[in-house]
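The sequence and structure come first.

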Protein chains: 2
Amino acid sequence: MGDGGEQRHRRARGWDVTLFASRDSVTRARLHAVVDKGYEEDATVDPKVVEYLHISEAFEHAAEFDLIHSHYDFMALTYTRLIRTPVLTTIHGFSSPKIMPIYHKYGDGYFVSVSDSDRATGLNYLATVYNGIDLSLYPLQDSGGQDLIFLGRIHPDKGVHLAIEVARLSGMRLIIAGIVQDETYFREQIQPHLDDEKILYIGPVDVKGKNELFARARALLHLNTIPERFGLVLVEANAAGVPVIAMDLGSCREVIKDGETGFLVANVAEAVRVLERILEIDRRACRGRVQQHFSIDTMVKGYERVYSTIFDLEARSRS
Amino acid sequence: MGDGGEQRHRRARGWDVTLFASRDSVTRARLHAVVDKGYEEDATVDPKVVEYLHISEAFEHAAEFDLIHSHYDFMALTYTRLIRTPVLTTIHGFSSPKIMPIYHKYGDGYFVSVSDSDRATGLNYLATVYNGIDLSLYPLQDSGGQDLIFLGRIHPDKGVHLAIEVARLSGMRLIIAGIVQDETYFREQIQPHLDDEKILYIGPVDVKGKNELFARARALLHLNTIPERFGLVLVEANAAGVPVIAMDLGSCREVIKDGETGFLVANVAEAVRVLERILEIDRRACRGRVQQHFSIDTMVKGYERVYSTIFDLEARSRS
């Protein structure tokens, strides 16, 4: 279970991987599917029904595997005590305090966090394994551009309104890209500032669009208002050599090294102030840090270490 | 899993019963609860979370039981292949065609239908076991009243509008009782006919209210517009000696014996016509049929037969 890139890599490294996912998944692993596509894309199915079908199918085949690596949140945990195969769960975020009773019940399982900051107490974490990106998708842009950029969901959590404030106070242009997740927020706090000149909104962008943005970026602004679990966009920008100015909340300080690959700030005023020093940031150092900590290769090796730990623990408990 | 009355009875007959249900359940069985009350009554919990917690808890204790009798629809089925204890599922109705993929996958399990008519093809049904009622709650009303009554959810499926038509055409009074499930339907097709004299709506009623209704009833009208799975209210009315005029759809003909405990009809005109013969129905025969087929005792014996069948089948498959 994971994205296509990860699976190819793990297969290449000698693992025999079966991916339980929808039939339209792109993977070089052996694909085991019970649903045709994601339920968001298929109105003929009931999400609850295909979720139960999908999860149980994997657990019914448990005996065929040395390990089940689940990315399926609290639901999959409720099947883990009915099988013998060890289950590792990567927690990609806690969506609500209401899901915690299940994590606490199954807290003695095996868990990986996606950042040190996004951890709950009482769970048996074996490691933090950061998400990794394919660096070839985001080539280094040798020289920086003139603009500020924002990339991400248009939602108050992501602090788009704070990025606009920074742009206005610094007199720089800001280009905003991403899907609108909160319509009211967009209409009331973003749209009134758009002027086709200094503050622009260009909608969602794909990899090509991101690279075009990175080419004209002096810095990426990520002034999140709640703790960030793991900001993939910070890593992508850094890979392209773009320094990041991020709010010092959640995992941002694990991704961005203050003064080396960007700056961690506490508020808008600080963000404006560090902009004056942004050209001090070495663009190659930004990419270097991604290569070291946030590449697919680093992620795969991180998981391989966790798998070995689990196999050791299981062998010990049997002997 | 079942209502309190059923559990007491089964315990009384020598079974050792553990009921997995919310902590506020009334039962003489051993209660095993992981949630305090039904999720509809507790805004602090996420229904999906407590559902997963509740179901998996029962299956994690499977080894302690000779049989798990599940009333938890398609969700519980997805855990059945991970345990050795046989699981019997009573299907209390198919809520949507979208749930059928799970029933078909697990169709080789053990199933009970609540009426012969409410069956899906391809499932391994061992029997139909009708729901049973506690007849002491609905004493025989020796002499009938003058009015027509409707009892049930105010919803187009239940044909309240057809009952009103019958009342108008026959010139009889109709008393409607039950919760409003479909507000638009109530406002547009029921409310305009209410006149405090010939067509009355008295809201939801409890057991006492039902008995008061039965006392003044000449007949209960149940002109359902879709196949009835199992109409408990038909049984309750019959228990009190009230004849039932029911649409001949779904399980109605299993519950009502045409011409003996009421009449099965195809439309409003037929319902009006049989009203002229309603006094021919023997009120004691109505109750007698309930005693024979729809009592708790009959239900319990029906399930005991199914349990024996399962134990035999399991023993045979092991030998």
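## Helix packing

Axes are lines fitted to C-alpha atoms, for helices over the stretch in contact, and angles run from 0 to 180 degrees between N-to-C directions. Helices (H or I, at least four residues) and strands (E, at least two) are DSSP runs, numbered from the N terminus. This is a predicted model, in which local features need pLDDT of at least 70 and side-chain atom pairs count only at pLDDT 80 or more, while totals for chains, interfaces and linings use all residues. Residues are numbered from 1 along each chain as its sequence is written, chains are lettered from A and ligands numbered from 1 in the order in which they are written, and side-chain values use heavy atoms, with hydrogens and water left out.

In chain A, helix H8 (residues 232-239) packs on helix H11 (residues 283-293) at an angle of about 125 degrees, the axes being 7 Å apart. H8(A) and H11(A) are therefore oblique to each other; angles under 35 degrees count as roughly parallel, over 145 as roughly antiparallel, 65 to 115 as roughly perpendicular and the rest as oblique. Val235(A), Asn238(A) and Ala239(A) of H8(A) make the contact with Cys286(A), Arg287(A) and Val290(A) of H11(A), where contact means heavy atoms within 4.5 Å.

## Interface of chains A and B

Chain A and chain B each give 27 residues to their contact. About 2400 Å² is buried between the two chains, 64% of it on carbon and sulfur atoms. Buried area is the accessible area (1.4 Å probe) that two parts lose on being put together, summed over both. Of the area that chain A buries against chain B, 29% comes from Tyr52(A), Leu82(A) and Lys98(A), more than from any other three residues.

## Salt bridges

A salt bridge is a side-chain nitrogen of Lys or Arg within 4 Å of a carboxyl oxygen of Asp or Glu. Lys105(B) and Glu60(A) form a salt bridge at 2.8 Å, N to O.

Within chain A, Arg23(A) and Asp36(A) are joined by a salt bridge whose closest N and O atoms are 2.3 Å apart. Arg23(A) is in the loop between strands E1 (18-20) and E2 (30-32) of chain A and Asp36(A) in the loop between E2 and helix H2 (47-60), so the pair ties together parts 13 residues apart in sequence.

Asp73(B) is in helix H3 (residues 73-77) of chain B, whereas Asp196(B) is in the loop between helix H6 (183-190) and strand E9 (199-201) of chain B.
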